[in-house]
Amino acid sequence: MTNSPIKQAPHLAPSTTTATEHQLRSPKSNRGLRKLQSAHQLSSNYAALNAPSLISQQRQHQQRNTSSTHNNLAPQIPPLPTSSSHHRTRSNSDAVVPNASSSAIGAKRVAASKKNPPNQNPREELEGLVRQGPQGDVPAELSRLRHLVLCEGLYADSDGMSQIRIYIWLILLNAPAISTDSYLDLIRRGASPAYSKIRNDTFRTLATNPLFKRRVSEASLIRLLNAVAWKLHDAKIEKLAEPLMVNAANERGSPELQHASPVVKHAQGPPTTTATDGSEAGGTEPGIYVQGMNVLCAPFLYAARSEAEAFVAFHGFVTKECPGYVRGAMDGVHKGLALVDKCLAIVDPKLSSYLQSKHMKAELYAFASVLTLCACTPPLPEVLQLWDFLFAYGPHLNILCICAQLVIMRETLLTSQSPTKLLRSFPPLQAKLIVEITVSNLRKIPADIYDELVHHAE
């Protein structure tokens with residue numbers, strides 16, 4: 001038997017009692033009676049309460065009359081929505097109705113987004129590429145972006161600050177997008193194995209540059225370098241933990257048994273020893289921090305709008321573009337120094353011969369410039385402008401940029417009896433002039449030397 005709501009009511013009397021008996025009962029029973037009466041009135045007046053108002057009834061009557069008139073005139077043709085209708089129901093918002101005005105507006109927007117790049121202002125075109133992304137062929141758009149960086153440059157104020165520079169760098173470096181939480185997780189891990197070496201270098205990073213000191217704190221530099229050190233450390237551990245897979249069985253048995261048998265491991269030879277912090281590791285082992293990475297990291301923090309942006313740009317740069325620079329033996333830097341001597345002998349044989357006669361090799365004066373991509377030479381706004389060019393066409397061209405600085409100093413060096421003093425610190429950077437000389441000298445470099453330039457930092 002189903003339970004009735006009346007049976008479940010706690011204060012209702014049995015059905016045999018009368019209304020008078022209810023009134024003679026306690027106030028508690030009277031409250032129960034009032035509840036029952038109210039429920040009865042609500043149930044009886046439900047239709048009246050939910051009935052449409054007089055205005056709604058009048059509108060429904062008019063709509064019925066109108067529909068009946070239409071049905072009498074043209075009963076076989078259903079009514080179609082017209083542009084003169086004053087009411088637009090919600091269902092029509094999902095319908096595809098041709099509209100000349102909306103189509104024209106959409107066509108104008110598409111035409112504006114696909115405007116011919118040469119007709120645009122270069123600054124607006126660069127901002128459009130960053131905000132909207134490529135509108136057509138990606139390689140062609142990247143080529144256009146590089147051309148704009150080379151010929152027009154990025155708009156920046158007197159301090160070298162540009163709103164789109166870091167995003168242009170991220171695009172040219174093909175840096176992946178990461179969440180801020182990923183960066184914060186690395187910071188929460190605390191001191192990395194290279195933390196003490198990082199602290200020994202950060203306080204003197206661009207110490208005489210007021211622009212850098214005003215914008216970037218030492219704490220930011222420590223956090224970023226420590227996070228990158230953790231990232232490189234994790235990659236190093238994963239690489240060392242990977243088993244050396246063998247494609248086929250040999251005299252020692254199957255590959256699976258080779259990994260499981262300790263005898264086979266001893267037969268393969270002792271493992272290579274590596275340093276704990278990676279800075280003294282061998283040339284083939286990846287490091288996690290080397291001296292000079294603090295200066296190499298500084299322009300990223302200066303140009304970025306957040307530490308997370310600087311982190312992903314710097315980490316992508318040192319792992320993809322110049323991993324040879326951050327190895328323990330810095331073999332990429334030493335290869336770059338040798339290429340400075342080779343390229344200078346090609347672009348300016350007289351100057352090269354003079355420096356060689358004074359026993360002035362590049363390893364004596366160009367080590368910091370190779371390692372930091374000339375970030376060690378002020379002013380900082382010129383460094384940022386030079387990096388725009390290097391990221392657009394390849395950081396390997398930094399070797400030719402160093403040669404260009406020597407060419408600029410050519411007359412002073414040739415007339416000096418002691419060029420060592422002059423080369424202890426390079427003169428202030430002139431990014432535009434350096435890029436012009438580099439592009440001009442690039443045509444003189446043979447294909448085999450240029451191939452060495454491209455791959456020397458790997």
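Buried residues are those with under 20% relative accessible area. The close-ups below come from a predicted model.

**Figure 1. Helix α23 and its buried residues.** Helix α23 spans residues 398-408. Nine of its eleven residues are buried, so the helix is largely enclosed by the rest of the structure. The buried residues are N398, I399, L400, C401, I402, C403, A404, Q405 and L406. One of them, Q405, also belongs to the lining of the largest cavity.

**Figure 2. The largest cavity.** The structure holds two cavities of 30 Å³ or more, and the largest has a volume of about 50 Å³. Its lining is made up of Q405, I408, P427, P428, L429, Q430 and I434. Sorted by class, five of these residues are nonpolar and two are polar, with no charged residues.

**Figure 3. The second largest cavity.** This cavity has a volume of about 40 Å³. Around it are T202, F212, K213, V216, S217, E218 and L221. Helices α12 (210-215) and α13 (218-241) are the elements that give two or more residues to this lining. The lining divides into three nonpolar, two polar and two charged residues.

**Figure 4. A431 in helix α26.** Helix α26 covers residues 431-442 and contains A431. With a relative accessibility of 1%, A431 counts as buried. F389 is 42 residues away from A431 in sequence, and their C-alpha atoms are 9.0 Å apart in space.

**Figure 5. A nonpolar patch on the surface.** L150, Y393 and V439 form this patch. Together the three residues have about 210 Å² of accessible area. L150 is part of helix α8, which runs over residues 138-151. The relative accessible area of L150 is 34%, so this residue is partly exposed.

**Figure 6. The salt bridge between R214 and D159.** Twelve salt bridges are present in the structure. In the one shown here, the side chains of R214 and D159 meet at 3.6 Å, N to O. The two residues are 55 apart in the chain and link distant parts of it: R214 is in helix α12, while D159 is in the loop between α8 and α9 (165-172). R214 is exposed, with a relative accessible area of 60%, whereas D159 is partly exposed at 26%.

**Figure 7. The salt bridge between D185 and R188.** The closest N and O atoms of D185 and R188 are 2.9 Å apart. Both residues lie in helix α10 (residues 180-188), three residues apart, or about one turn of the helix. An α-helix has 3.6 residues a turn, so residues three or four places apart point the same way. D185 has a relative accessible area of 42% and is partly exposed. R188 is exposed, with a value of 59%.

Figure 8. D348 and R410 form a salt bridge in which the closest N and O atoms are 2.6 Å apart. This pair links distant parts of the chain, 62 residues apart: D348 is in the loop between α18 (331-347) and α19 (349-357), and R410 is in helix α24 (residues 410-414). D348 is buried, with a relative accessible area of 7%, while R410 counts as partly exposed at 21% relative accessibility. A network of salt bridges links D348, R410 and E411.

**Figure 9. The loop between α21 and α22.** Helix α21 covers residues 367-372 and helix α22 covers residues 380-393; P379 lies in the loop between them. The peptide bond from P378 to P379 is cis, with omega near 0°. C374 is placed in this loop as well. Although C374 is not a glycine, its phi is positive, at about 70°. Most residues other than glycine have a negative phi, and most peptide bonds are trans. C374 is buried, with a relative accessible area of 0%.

**Figure 10. L206 in the loop between α11 and α12.** L206 lies in the loop between α11 (195-202) and α12. Its phi is positive, at about 45°, although L206 is not a glycine. At 15% relative accessibility, L206 counts as buried.

Definitions and conventions
Residues numbered from 1 in each chain as written. Predicted model: local features only at pLDDT ≥ 70, side-chain atom pairs only at ≥ 80, totals over all residues. Heavy atoms only, no water. Patch = residues over 30% accessible without salt bridge, like charges linked within 9 Å, V, L, I, M, F, W, Y side chains within 5 Å. Areas by Shrake-Rupley, 256 points an atom, 1.4 Å probe, with all protein chains shown as cover. Salt bridge = Lys/Arg side-chain N within 4 Å of Asp/Glu carboxyl O. Helix = DSSP H or I, 4+ residues; strand = E, 2+ residues; numbered from the N terminus. Buried < 20%, exposed > 50% of the residue type's maximum accessible area, 1.4 Å probe, protein only. 1 Å grid on protein atoms, 1.4 Å probe; cavity = no way out; pocket = protein on both sides within 12 Å on 5 of 7 lines; lining within 4 Å. Points joined across faces, edges and corners; volume = space filled by probe spheres on them. Nonpolar A, V, L, I, M, F, W, Y, C, P; charged D, E, K, R; others polar.
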